[in-house]
Amino acid sequence: MNLVQIIDGRGKRRVALVAADRLVLLKQAASTRDLAQRALREGRTLASLASSLATSATEDYAAALKEKRVLAPLDHPDPAHCIVTGTGLTHLGSAAARDGMHKKLSGAAEELTDSLKMFKLGLEGGRPKDKKAAGVQPEWFYKGDGSWLVGPGQPLPLPAFALDGGEEPELAGLYLIDEGGRPVRLGFALGNEYSDHVTERQNYLYLAHSKLRHSAIGPEMVTGRIPASVEGVSRIIRKGKVIWEKPFLTGEANMSHSLANLEYHHFKYDGFRRPGDVHVHYFGTATLSIADNVKTQDGDVFEISAAPFGAALRNPLKAMKPGYRPGGARAI
């Protein structure tokens with residue numbers, strides 16, 4: 001089942017089921033977070049509860065997207081309680097990329113970069129056979145809180161200080177922390193874990209800076225399980241024309257870590273298990289336009305699509321004017 005959050009034609013916030021080109025509105029559900037909390041209280045699955053709340057009222061899906069009334073599929077009324085994070089160096093990539101990576105990894109240990117060492121650790125220990133044991137830690141990064149998350153059709157800001165604004169087509173896990181402090185996966189969504197790759201390439205210690213950017217998820221959240229292998233397409237559209245397009249592979253079958261291992265190493269921290277909080281966690285990618293020397297521009301539109309996620313995630317790039325300027329904070 002695929003769910004969306006929308007502002008309906010009357011300006012009211014609603015949750016809806018996706019039914020082809022129509023959105024079936026639910027009653028008594030203003031947000032997916034509210035819906036999930038009710039499902040937990042009643043001991044039901046998200047899908048079964050959503051089905052029981054379906055009404056006869058529908059909306060035109062394409063119109064809602066065009067009018068930018070479709071929201072991110074999960075959020076929190078207090079953005080500070082939505083935590084956006086991710087893991088990198090988790091994906092195996094295409095067959096050619098895998099072959100090239102294995103050739104690099106076959107060299108002497110002292111010749112491997114820190115990134116290759118981290119990737120090798122994942123290959124060797126990211127999928128523990130004992131499901132109750134912890135595997136090797138992945139690379140991890142923080143992207144911001146809910147105020148740094150944009151919905152379908154909304155612009156991804158390019159800060160004036162940024163050296164690059166590049167897409168990252170990814171799978172995102174969407175979570176709610178229950179009343180007992182336990183993480184509950186509500187589903188998955190497509191994500192654009194938009195980053196500054198030029199800054200990152202200067203020095204790997206700049207990774208944290210490069211990841212402090214807005215990102216986008218949606219439009220749809222797939223409840224329950226998804227296929228082990230997901231193949232999608234990432235595009236950049238400039239002035240109505242596709243200037244770059246490439247398939248991407250994701251899903252557990254295309255990753256060096258299991259999802260359970262990535263989830264464990266995120267939620268093992270007590271601060272990430274506060275009851276009522278929601279989390280958006282990106283699982284990584286192996287496909288980037290910058291690898292093909294593409295330089296994005298103000299107004300470019302990123303488009304990411306994959307089955308079974310329904311409608312594509314589209315977001316334009318918007319260059320921003322300088323905000324906070326050099327000189328330090330003022331004293332009082």
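Author: Let us start with a word we will need: a residue is called buried when its relative accessible area is under 20%, exposed when over 50%, and partly exposed in between. Please keep in mind that this is a predicted model. By that cut-off, 49% of the 332 residues of the protein count as buried.

Reader: What makes the radius of gyration agree with that of a compact globule?

Author: A compact globule with 332 residues would have a radius of gyration near 20 Å, and the protein has 20 Å, so the two agree. The secondary structure consists of eight helices and 17 strands.

Reader: Why is K143 called buried?

Author: K143 has a relative accessible area of 0%, and the cut-off for buried is under 20%, so K143 is buried. This lysine lies in strand β7, residues 139–145. Beyond its sequence neighbours within four places, K143 is in contact with residues including V84, W148, E193, K211 and Y282.

Reader: What does the side chain of K143 reach?

Author: The side chain of K143 reaches the backbone oxygen of K211 at 2.8 Å.

Reader: Why is helix α8 described as largely enclosed?

Author: Helix α8 covers residues 259–267, and seven of its nine residues are buried, so the helix is largely enclosed by the rest of the structure. The buried ones are L259, N261, L262, E263, H265, H266 and F267. They pack against strands β6, β7, β10, β11 and β15.

Reader: H281 sits in strand β15. What makes H281 buried?

Author: Its relative accessible area is 2%. Buried means under 20%, so H281 counts as buried. H266 of α8 is among the residues in contact with H281, as are W140, L171 and Y175.

Reader: How do you know that the side chains of H281 and T85 form a polar contact?

Author: A polar contact needs N or O atoms within 3.5 Å, one able to donate a hydrogen and the other to accept it. The contact joining the side chains of H281 and T85 is 2.7 Å.

Reader: Why does K27 count as partly exposed?

Author: K27 has 41% relative accessibility. K27 and E193 are 166 residues apart in sequence and 32 Å apart in space, C-alpha to C-alpha.

Reader: And what makes D292 partly exposed?

Author: D292, in the loop between β15 and β16, has a relative accessible area of 35%. With cut-offs of 20% and 50%, D292 is therefore partly exposed.

Reader: Which residues does D292 touch, not counting those up to four places away in sequence?

Author: D292 touches W244 and K246. Side-chain polar contacts join D292 to W244 at 2.9 Å and D292 to K246 at 3.1 Å. D292 and W244 are 48 residues apart along the chain, with their C-alpha atoms separated by 8.8 Å.

Definitions and conventions: Residues numbered from 1 in each chain as written. Predicted model: local features only at pLDDT ≥ 70, side-chain atom pairs only at ≥ 80, totals over all residues. Heavy atoms only, no water. Helix = DSSP H or I, 4+ residues; strand = E, 2+ residues; numbered from the N terminus. Rg over C-alpha atoms; globule rule 2.2 N^0.38 Å. Buried < 20%, exposed > 50% of the residue type's maximum accessible area, 1.4 Å probe, protein only. Contact = heavy atoms within 4.5 Å.
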